[in-house]
Structures are given as C-alpha cells and as structure tokens.
Amino acid sequence: MAPFFPTALLACFLSPWQPQQLSISRTAHLARISHAAPTIPTTLQLSSTTANAANAIDSDLLVVIREGIVEQGFELSAWELAIDALLNQFPTDDTASLTREQAEWALAQAFGWRSWAKASKFVKKFQKIFLPTPEEIEAAISWSTQGPLALSTSTLLQAHPQLYLKQPQAKFVKKFQKIFLPTPEEIEAAISWSTQGPLALSTSTLLQAVQTHPQLYLKQPQASYQKCVDTVPAGNLKDTLHELIAQDPAVLGNTFNCAMGDDGCRSECGNCWVSYKIKNNID
C-alpha cells in the first residue's frame, strides 16, 4: 500500500486547531502541536463588515415572517414576548441599546425565521422552526456576558445573532473541543475496517478516500458508516450504498436525513441525504 500522507492525519485529528498558514514547515508544525498548549480566547474578534451586512434589516421580510408565524400555528404574542425579553437585556437608557425592529430582526436570524421566509416551499417542508422562550433568550445573553467570553453589551450587539442568541454555550464547547493524537492501533483499525469490513474498499480507492476525506476514513469510519446506513433513504440508494461510497468517498459523510423523524433541518445540509439527492438530481 502506498504510504498515507501525514497531512491527512493532521487534517483529520487536528482540524479544530488547524493553523491558518499552510506553508508552515513540517518540523515547525509538529513542534507547535507537541509543545504549544492551545488557549481558549476569552474575547472575540468580530468582523464589523460581515456583521453589518447580515444585520441590514428587511422590514418587508419581517412582515412575511410574522404572517408565517401565524400560519405555522404559533401565537404572535409569544413572538412579541421573545422580542421583549431581548429588549430587556439592553435597556434604552444604556449606551448599548436595541430598537424593537433590530431585536425582532436579530431573533429572526438566530432562530431560522429569516431563512425560512426566504426558502422555497420544497425546502420549507424540511425545516423545523420554533419560537424561542424569554427564558432561552435571557440564558443566552447571561452566558455570553457573564460566562467565559465575558462580552460587553456593546460587543454583543455587534455579534452575529445566530451564534449568540441560540445556545451559544453549546457552540463554544463544540468549537473548542479537546483534540488528541491518534495511536498507531487506531489508524491500523480504521484502515483494516475500511478494506476488510462491509465496504471492502480496494487499496487504491482507500488511498484516494484518505487523501480527500481523511476525517471520514481515518477516524472511526465504522461510526460514520453506521449513521450513513441508518439515514440512507430506502430504494436504490440503500441498495447500492456500497457502490456509491466506492465511487464517491464523500458519500460516507451522508449521516443525516432531514426527511426522517421530527428534527427537520438542523443546518446539516452538507451531511444530508436530501441535499445529496437534490445535488445529484435523484428522485
């Protein structure tokens, strides 16, 4: 078997802390991951240009969103309570304050109503949306200002609402998850399973897969495979799953199906079978 490239291993197991400068020497990079302990930032560097573009209020779309809230069977009064809860976190007599329209727009972005209002009827079928409670809004603001980030209210106002109004603590934990170095046994087990397990990939196919999708084939591929099998739609896709993976290694990453269960779309489009079918014109 041709040797697998060290860069594939690094991309697979060190992706949360992958350096921005890819031209760094191998020696310097290995020294970095061996001796430099990663630090978790307590403040954020925000892109005001990006934030301002995202926060440009579309008043006409807000009208559509309110109509949609009613059409989906929610009480408009519950939406108003969520807006009130957000406004209460930024008193009008403070230097950092929100208008009611700004608060409503922020919530619409954070909880998917903006994207829902812009989506086609077909896409809307797979989107599960809900109204936030005042308690959820208060908890998110409290964590962002009093938790490890300790953001000021003025900084929080410049932030991206979809990141800071909807369970920011969960995103924080995921962003700074612990990283580790793989053992030789783990790598051997992953390779052995991929070639001798149910996929029975050839050496050349596996080499291509490792080079293009190392995170799928070097790090517990059997776990990705089980999710792939559990979520693949019935019919031809399920019947030819192994052939599809051999032809396109990325298929092993299809581990979600927004058409199954009650979860709907969870912003997992890159791993979703429905997106895969649309992209490949499969009925």
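This tour goes through a predicted model, stop by stop. Residues are numbered from 1 along each chain as its sequence is written. In this predicted model, local features need pLDDT of at least 70 and side-chain atom pairs count only at pLDDT 80 or more, while totals for chains, interfaces and linings use all residues; side-chain values use heavy atoms, without hydrogens and water.

**Stop 1: confidence**

Colour the chain by pLDDT (the predictor's confidence in each residue, from 0 to 100). The protein chain averages 79, and 76% of the residues score at least 70. Select residues 14–54: the pLDDT is below 50 there. In the model this stretch has 43 contacts beyond near neighbours in sequence, a contact being heavy atoms within 4.5 Å.

**Stop 2: Ala-106**

Select residues 100–110, which form helix α6. Helices here are DSSP runs (H or I, at least four residues), numbered from the N terminus. Ala-106 lies in this helix. Is Ala-106 buried or exposed? Ala-106 counts as buried because its relative accessibility is 13%; buried means under 20% relative accessible area, exposed over 50%, and partly exposed in between, with a 1.4 Å probe and protein chains only.

Pro-161 is 55 residues from Ala-106 in sequence, yet their C-alpha atoms are 5.4 Å apart.

**Stop 3: the largest pocket**

Select Ala-110, Lys-166, Lys-171, Arg-266 and Ser-267, which of the 28 lining residues lie nearest the centre of the largest pocket. A pocket is an open set of points on a 1 Å grid over the protein atoms alone, where a 1.4 Å probe fits, with protein on both sides within 12 Å along at least five of seven lines; lining residues have an atom within 4 Å of a point. The volume is about 940 Å³, taken as the space filled by probe spheres set on the points.

Which helix gives the most to the lining of the largest pocket? It is α12, with five residues. Helices α6, α9 (134–146), α11 (161–164) and α12 (168–175) each supply at least two.

**Stop 4: Thr-231**

Move to helix α16 (residues 221–231) and select Thr-231. Thr-231 is buried, as its relative accessible area is 14%. Beyond four places in sequence, its contacts include Asn-254, Phe-256 and Met-260. Finally, show Trp-273: its side chain makes a polar contact with that of Thr-231 at 3.2 Å. Such a contact is a pair of N or O atoms within 3.5 Å; within protein, one must be able to donate a hydrogen and the other to accept it, and residues adjacent in sequence count only if both atoms are side-chain atoms.
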